[in-house]
Amino acid sequence: MPGPARAGALIYAKDMNRLAVFYEAVLGMRTLHATAELMVIESADFQMVLHALPPAYAERVQISTPPQPREDTALKLFFTVESLAEARERATALGGIVFDDEWAGPRFRVRNACDPEGNVFQLREFYA
């Protein structure tokens, strides 16, 4: 994606490096830019900014293992992957979760997932 992104998402993170590794492995993203305060990662379709929580706030945020899904938000991002099974293996190995329930849409399958900090998102796999 050359130049500044026209759309994307910003996630406040307790451990932005861990989230970057997670999203890079599960979604095939890559790091474009990193400072102590933020990281910009992207794929061909999407750009994500990971922003470090301020230390005073971060010390109050508890992240469990496995992560407790944060289901009290009105937004849920979705991402297309080549294989739900492979995404599940990678997500699990890096501290995330891909849930068992699966739904079908027109020519795609869907599963909900959460990253190591509990941010819930959806994975989609197309099929013929």
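Leu53 makes contact (heavy atoms within 4.5 Å) with Tyr12, Ala13, Lys14, Ala58 and Val61, leaving aside residues up to four places away in sequence. This is a predicted model, in which local features need pLDDT of at least 70 and side-chain atom pairs count only at pLDDT 80 or more, while totals for chains, interfaces and linings use all residues. Residues are numbered from 1 along each chain as its sequence is written, and side-chain values use heavy atoms, with hydrogens and water left out.

Leu53 sits in the loop between β4 (47-52) and α2; helices (H or I, at least four residues) and strands (E, at least two) are DSSP runs, numbered from the N terminus. With a relative accessible area of 14%, Leu53 is buried, a term that means under 20%, whereas exposed means over 50% and partly exposed in between (1.4 Å probe, protein chains only). One of its contacts, Ala13, is 40 residues away along the chain, yet the two C-alpha atoms are separated by 5.6 Å.

From Leu84 to Glu102, 18 residues along the chain, the C-alpha separation is 10.0 Å. Thr73, by comparison, is partly exposed, because its relative accessible area is 48%. Thr73 is found in the loop between α2 (55-58) and β5, and its C-alpha lies 25 Å from that of Ala25, 48 residues apart in sequence.

Turning to the whole chain, 3 helices and 9 strands are present, in the order β-α-β-β-β-α-β-α-β-β-β-β from the N terminus. The radius of gyration, taken over C-alpha atoms, is 15 Å, which agrees with the value near 14 Å that a compact globule of 128 residues would have; the globule rule is 2.2 Å times the number of residues to the power 0.38. The C-alpha trace spans about 45 × 35 × 25 Å along its principal axes. Of the 128 residues, 43% are buried. Among contacts between residues at least 6 apart in sequence, 51% join residues at least 24 apart. The accessible surface (Shrake-Rupley method, 1.4 Å probe; for residues, only the protein chains shown count as cover) is about 7,900 Å², with 53% belonging to carbon and sulfur atoms.

The pockets come next. A pocket is an open set of points on a 1 Å grid over the protein atoms alone, where a 1.4 Å probe fits, with protein on both sides within 12 Å along at least five of seven lines; lining residues have an atom within 4 Å of a point. Two or more lining residues come from each of β1 (8-13), β5 (77-80) and β9 (120-126), and β1 has the largest share, 5 residues. The lining divides into 14 nonpolar (Ala, Val, Leu, Ile, Met, Phe, Trp, Tyr, Cys and Pro), 3 charged (Asp, Glu, Lys and Arg) and 3 polar (the others, Gly among them) residues.

The second largest pocket holds about 230 Å³ of space. Its lining includes Leu27, Met29, Asp45, Phe78 and Phe79, and β5 contributes the most, with 3 residues.

How values were computed
Points joined across faces, edges and corners; volume = space filled by probe spheres on them.
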